[in-house]
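Reader: Please take one part of this model and go through it closely. I would like the sheet and what surrounds it, with the ligand site after that, in one connected account.

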Amino acid sequence: MSQRSLELIAGNACTALADDIARELSVTRTKARVGRFPDGEIDVHIHANVRGADVFLVQSTSPPVNDNLMELLILIDAARRASAARITVVIPYFGYARKDRKDEGRVPITAKLVANLLTKAGADRVLTVDLHAAQIQGFFDVPVDHLYASPVLVRHFKEQRIEKLTVVAPDVGSSKMARGYAGRLGGELAIVDKRRISADKVEIGAVIGDVAGRNVLLVDDMISTGGSITEAARTCAQAGAISVRIAATHGVLCGPARERLRAAPVVEIVLTDTIPVDPAGLPNLTVLRTAPLLAEAIMRVHTEQSLSVLFNRPE
Ligand code: R5P
């Protein structure tokens, strides 16, 4: 057992998830004020002694992205200046990840910039779930534990015993992920040919693979404006699918997403709670808990145990 105390502190992005993690760990969340000064600046005060402690800061960098990121940076600074022995940032949803390379002239690589900011502020380790691109781990020069939400989602769909299942990737980028789900759920694989026209508009081409007469499960790492997955759902329904379900780890749900999801021809929408999701107006929404996964990872980091078991466990 570690000699250091485990201190779990949360920003405002995902307090319910942080409470759930605390319950799983049987610890009380360390009290901290993460408020605002009258001019909008972020006001942080950790109310307990964390000197020599193993500090875990839980914060998704979900919308409002800049506020949540800044809260996290200031929390790191506060913990570092309070002489924490080690600071692990637990970022269930890592935002700013979609710009992970220069694909045209004069654009930033925000995923790298955010990695630099976090480590410069004083983060010693990172624990995160389903990065938009796994190689973002390499943008950090501190250890990154990259968890997958797939065991949580696969367990849910296994319980449904869906027959004639085809797992569909809503774009080529998600095909590896979809292949993994198809393998674990015993389904076939299909891929939708998607072209992004603008930040919130996509154009769908052909479906590569069979969806007619099949129960379709569309899987993606995130639903942002909902364009990709709902257009893909519509295409599969029009192509003769018996039913369409959609699943994603991170429900960013910005702009027209909720409206698009409401109108989509789907029997179930499954998300995890890496980002808080308001179920209002989405009667076919299921939100799955990630706290058991995150809590076990935190305990393993705290007690210096391997995390590999979390990747190889049968669902
Ligand atoms: C794309 O690379 C991602 O995996 C998602 O498909 C995409 O970010 C979803 O965005 P939206 O919901 O706005 O179509």
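Author: What follows starts with the sheet, goes on to the helices and the ligand, and ends with a few local details elsewhere.

The model is predicted. Its open sheet has 7 strands in the order S10-S9-S8-S11-S12-S13-S14, and the pairing is mixed. Strand S10 (201–208) and strand S14 (285–288) form the edges, each pairing on one side only. From one strand to the next, the twist averages 25°.

Within this sheet, strand S11 (residues 215–223) and strand S12 (residues 243–251) run parallel and are joined by 8 bridges. In general, strands of a sheet pair through backbone hydrogen bonds, in either the parallel or the antiparallel sense.

Helix H5 (residues 175–185) lies across strand S8 (165–169), strand S9 (188–198), S11 and S12, and it runs at about 165° to S8. Helix H6 (residues 227–238) also packs on the sheet, where it touches S8, S9, S10, S11 and S12. The direction of H6 makes about 40° with that of S10.

The ligand comes next. There are 14 residues around the ligand, and Asp220, Asp221, Thr225, Gly226 and Ser228 come nearest. In the side chain of Asp221, an N or O atom is 2.6 Å from an oxygen atom of the ligand. Ser228 has a polar side-chain atom 2.5 Å from an oxygen atom of the ligand. For Gly227 the backbone is involved: one of its N or O atoms lies 3.5 Å from an oxygen atom of the ligand. The ligand taken alone exposes 380 Å², and the protein buries 89% of that.

Another pair of strands shows the parallel arrangement too. Strand S6 (residues 125–129) pairs with S7 in the parallel sense over 4 bridges. Thr128 has His146 as its bridge partner in S7. Along strand S7 (residues 144–147), Val144 and His146 point one way while Asp145 and Leu147 point the other way, and all are buried.

Asp20 counts as buried because its relative accessibility is 9%, under the 20% cut-off. The side chains of Asp20 and Arg289 are joined by a polar contact of 2.8 Å. Leaving aside residues up to four places away in sequence, Asp20 touches Asp273, Arg289 and Ala291.

Some backbone details in the loops remain. Ser26, in the loop between helix H1 (15–25) and strand S2 (32–36), has a positive phi of about 55° although it is not a glycine. With 66% relative accessibility, Ser26 counts as exposed. Glu304 is not a glycine either, and its phi is positive at about 55°. Glu304 lies in the loop between helix H8 (291–302) and helix H9 (309–312), and it is exposed, with a relative accessible area of 60%. Finally, Pro63 and Pro64 are joined by a cis peptide bond with an omega of about -5°. Pro64 lies in the loop between strand S4 (54–58) and helix H2 (65–81).

Conventions:
Residues are numbered from 1 along each chain as its sequence is written. This is a predicted model: local features need pLDDT of at least 70, side-chain atom pairs count only at pLDDT 80 or more; totals for chains, interfaces and linings use all residues. Side-chain values use heavy atoms; hydrogens and water are left out. Two strands pair if DSSP finds at least two bridges between them. Helices (H or I, at least four residues) and strands (E, at least two) are DSSP runs, numbered from the N terminus. Axes are lines fitted to C-alpha atoms, for helices over the stretch in contact, and angles run from 0 to 180 degrees between N-to-C directions. Contact means heavy atoms within 4.5 Å. Buried means under 20% relative accessible area, exposed over 50%, partly exposed in between (1.4 Å probe, protein chains only). A residue is near a molecule or strand if one of its heavy atoms lies within 4 Å of it. A polar contact is a pair of N or O atoms within 3.5 Å; within protein, one must be able to donate a hydrogen and the other to accept it, and residues adjacent in sequence count only if both atoms are side-chain atoms. Accessible areas come from the Shrake-Rupley method with a 1.4 Å probe; for residues, only the protein chains shown count as cover.
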